[in-house]
There are 2 protein chains.
Amino acid sequence: MKNITIIGAGLTGTLLGILLGRQGYSVQIYERNKDPRRTFVKHGKSINLTLCKRGVSALEKAGLGDEVQKLWVPVYGRCLHLSESQIEIQPYGNYGEALYSISRQELNTLLLSVAQKTSGVSIEFGLKCVGYDLSRSCISFIDENQKQNERPFTTLIAADGVYSAIRSQMQRNFGFNYSQYYSKHVNKELTIPAKQAKEYKLEKNHLHIWPRNEFMIIAFPNRDGSLTCTLQLPFDGNNVSFRKLNSEPEVLYHFRKLFSDTIPLLPNLVDEFFHNPEIPMMTVRCSPWHIEDKILLIGDAAHGIWPSYGQGANAGFEDCEILCKCMEENPDNLLTSFTEFQEKRLKNLNAIADLSENHFNEIRHLVTDSNFLLRKKIERKMNLLFPSEYFSLYSRVAFTTIPYKQAVELEQIYSRVVDELLNSQEIILDPDSHESEKLIYKTYRRYLR
Amino acid sequence: MKNITIIGAGLTGTLLGILLGRQGYSVQIYERNKDPRRTFVKHGKSINLTLCKRGVSALEKAGLGDEVQKLWVPVYGRCLHLSESQIEIQPYGNYGEALYSISRQELNTLLLSVAQKTSGVSIEFGLKCVGYDLSRSCISFIDENQKQNERPFTTLIAADGVYSAIRSQMQRNFGFNYSQYYSKHVNKELTIPAKQAKEYKLEKNHLHIWPRNEFMIIAFPNRDGSLTCTLQLPFDGNNVSFRKLNSEPEVLYHFRKLFSDTIPLLPNLVDEFFHNPEIPMMTVRCSPWHIEDKILLIGDAAHGIWPSYGQGANAGFEDCEILCKCMEENPDNLLTSFTEFQEKRLKNLNAIADLSENHFNEIRHLVTDSNFLLRKKIERKMNLLFPSEYFSLYSRVAFTTIPYKQAVELEQIYSRVVDELLNSQEIILDPDSHESEKLIYKTYRRYLR
């Protein structure tokens with residue numbers, strides 16, 4: 001039996017374990033934390049998760065389609081809280097397209113249970129990987145008693161996250177190109193509790209966003225009626241920042257100024273503000289992702305991306321699906337499988353990394369910009385006129401499985417159509433008129449075929 | 001007395017020690033290696049060094065102008081060995097501009113001796129820095145017996161090179177942006193021994209270059225009549241590469257094909273090829289360079305650059321000069337000094353890092369390109385016509401102390417002048433004619449004032 005060792009029983013590592021187990025591999029997973037099903041896991045430590053088509057497709061490949069559906073809340077668009085009195089709804093698409101808001105921990109728990117029931121897969125908890133020794137084919141761990149441990153491996157796949165210890169060691173090798181890039185903003189988890197059991201204080205099936213240029217709150221619905229918020233502020237700086245807001249009055253003063261309508265929704269604001277950690281966003285780019293057929297990086301370990309496009313976990317799941325396909329197509333040839341996997345994925349992950357950085361820097365400002373709103377309207381019309389042909393950039397990323405790079409490159413043509421339309425008086429005056437519709441149709445066709 | 005601790009007694013660390021000692025600081029330098037003046041140092045481990053105006057200026061500030069002159073061999077231009085029978089001389093400038101070829105070890109030895117004679121400066125050898133503890137203000141070392149050691153510090157300046165242990169630890173901090181980028185080519189040292197004492201086998205006062213597109217040899221003259229060569233080949237790849245050439249017949253076969261005229265010059269070719277290590281080239285970009293007023297990165301630790309523009313050590317020396325100026329202008333305010341230093345240097349080092357990467361990728365091909373040679377000719381004429389105003393990009397980098405970024409940005413205008421002139425029939429037919437000269441004058445003046 002072919003042996004695969006996976007470091008990390010997070011989302012990517014466990015899904016990969018399940019898929020490889022089903023392909024007939026003998027899979028050993030090592031995880032630094034204790035089994036989350038047997039221990040209390042502290043909340044407040046992660047940015048909420050939305051699944052999109054890419055992630056769902058990979059979960060379905062693992063036979064988890066039905067079970068995962070029970071855990072999620074679909075959201076069909078953004079609800080922008082532009083001011084206390086002004087709300088704007090932006091549906092994601094014309095045909096009920098949805099993202100799926102899901103608890104990271106509940107999804108992880110499901111994956112762990114399924115992995116442990118999958119034949120050939122086993123998981124050992126409480127072993128923190130600190131490095132590898134290629135010449136002796138073994139991995140070094142620190143166990144829960146701070147003792148050094150070693151385990152042998154044949155092939156190692158590192159799914160140990162954006163701060164990967166395996167990648168950190170690979171970084172010392174000649175020819176390993178690497179970069180890490182932090183956003184100036186960091187995130188903090190805040191909670192909008194349920195009104196009462198399963199009753200939401202805000203409309204359930206939307207992502208709620210309070211965009212305030214440099215500052216933003218996003219709220220994701222949970223199954224129990226609560227919503228988990230991410231507050232984004234600069235970490236440092238002379239204006240409002242996590243460093244500057246260091247007393248209760250200051251937090252309340254600035255919240256009243258910036259996000260007054262959220263205050264009644266956040267009963268534990270001050271407590272959470274001072275006790276939940278700041279969560280940074282880091283882009284990681286590196287290559288090569290593998291050392292021959294011995295070690296492979298996957299998921300966040302290979303490519304950290306900012307969460308602004310909601311693609312982190314989805315990209316990791318898509319990695320699993322594509323890696324397993326490469327391994328299926330090249331039986332008994334891991335070197336070719338790993339080479340093809342990197343060939344297929346690296347350029348796409350670099351594209352979504354760039355997009356996530358640009359989107360994050362734009363979105364906080366653009367979302368409230370009238371030109372941006374008109375652009376969205378034109379894009380929605382184009383999709384209505386050419387429903388099987390045209391999707392907006394956001395839709396291509398979130399609601400198709402077109403490779404990321406291609407999804408981004410298509411925008412070069414489409415944006416020229418929209419740019420031209422944005423200059424039309426007819427469109428500016430009434431984008432919903434019949435004349436506008438005809439103009440959109442003709443302009444689009446002039447550029448595309 | 002104000003205490004400064006420096007990690008690394010290489011070129012940058014020792015020069016900084018001398019300059020700070022002269023400014024009245026108490027300086028403690030720690031170096032991982034043994035004192036090179038008391039132990040045998042293995043050769044073959046480094047790429048040769050040329051000093052240019054930037055480096056010389058900093059050495060003069062330390063009062064070392066006369067002593068360093070005794071160690072160097074000036075080179076006034078490139079001697080291109082285009083084929084066995086075709087040699088082309090390219091002077092660096094019209095006014096005797098020179099680079100200064102110098103042994104890294106001899107220069108280091110001089111700096112160490114001067115540092116130890118400088119009041120307030122002391123050096124401890126054989127302590128390899130492995131990290132720092134900011135909360136306890138101490139540095140961790142491994143000594144020559146593999147024992148852990150600690151030393152206290154007030155302010156720490158890390159001059160511990162491109163693989164800096166201090167930077168490596170800083171990389172784990174939130175907000176530390178970092179990238180490392182390797183060239184596909186690596187270097188290997190080869191030696192052209194002296195004909196007899198102090199007699200050179202090749203013309204002494206040039207840098208000798210054998211450009212062969214993907215492959216290149218550069219030879220630097222030493223004081224003793226020998227020349228030290230750097231052979232540049234791809235590390236890996238299906239064509240000629242260090243990985244592919246793994247037997248004596250293969251090395252000789254490809255050397256005869258590529259560099260036949262060097263074979264009689266390199267009596268120890270095969271031995272050196274198989275025993276000297278491959279030396280990679282890595283660009284390192286990072287920021288911020290300092291943690292408050294406690295820790296600062298300098299030299300290669302802050303910015304690794306490929307050696308293709310010959311700026312590595314010169315940039316490190318220029319760092320020392322500029323840092324000392326910042327510290328002089330802000331007495332008793334290290335935070336402001338370090339902030340200003342980064343403000344002044346980071347953009348310039350990013351500019352020379354980009355330039356060194358681009359230049360490396362271009363030079364191997366361009367050097368033999370007729371368009372490139374004509375361009376050089378036009379640039380030389382422009383400098384003759386406007387001697388106090390116009391310098392080529394190479395000259396601005398090597399023979400002035402204009403900040404790197406500005407040196408690069410000026411090229412945006414100048415290259416348009418040259419591009420236009422390259423299209424002129426007159427210039428193509430006879431760049432040295434009186435007509436051509438007039439045209440160059442007029443075209444230049446049309447773009448500049």
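**Reading local features, from exposure to rings**

Me: Asn213(B) is partly exposed, at a relative accessible area of 39%. Which cut-offs separate buried from exposed?

Reply: Buried means under 20% relative accessible area and exposed over 50%, with partly exposed in between (1.4 Å probe, protein chains only). Please keep in mind that this is a predicted model: local features need pLDDT of at least 70 and side-chain atom pairs pLDDT 80 or more, while totals for chains, interfaces and linings use all residues. Residues are numbered from 1 along each chain as written, chains are lettered from A and ligands numbered from 1 in written order, and side-chain values use heavy atoms, without hydrogens or water.

Me: Where does Asn213(B) lie, and what is its phi?

Reply: Asn213(B) lies in the loop between E14 and strand E15 (215–221) of chain B; helices (H or I, at least four residues) and strands (E, at least two) are DSSP runs numbered from the N terminus. Its phi is positive, about 55 degrees, although Asn213(B) is not a glycine. Lys198(B), also not a glycine, has a positive phi of about 65 degrees. Lys198(B) belongs to the loop between strand E13 (177–192) and strand E14 (207–212) of chain B, and counts as exposed at 60% relative accessibility.

Me: Now the rings, please! What describes a pair of aromatic rings?

Reply: The distance of the centres and the angle of the planes describe a pair. Rings of Phe, Tyr and Trp (its six-membered ring) pair if their centres lie within 6.5 Å; planes under 30 degrees apart are stacked, over 60 edge-to-face, and the rest tilted. This rule gives 39 aromatic pairs over all chains. Tyr390(A) sits in the loop between helix H10 (370–385) and helix H11 (393–399), and Tyr414(A) in helix H12 (residues 404–422), 24 residues apart. Tyr390(A) is buried at 0%, and Tyr414(A) is buried at 6%. For a tilted case, take Tyr30(B) and Phe141(B): centres 4.8 Å apart, planes at 50 degrees.

Me: Which residues form one aromatic cluster?

Reply: That cluster consists of Phe386(A), Tyr390(A), Tyr414(A), Tyr441(A) and Tyr444(A).

Me: What about a charge over a ring?

Reply: Look for NZ of Lys or CZ of Arg within 6 Å of the ring centre and within 35 degrees of the ring normal. Lys2(A) lies over the face of Tyr25(A), 4.6 Å from the ring centre. In chain B, the charged end of Arg54(B) sits over the ring of Tyr404(B), at 4.2 Å from its centre.
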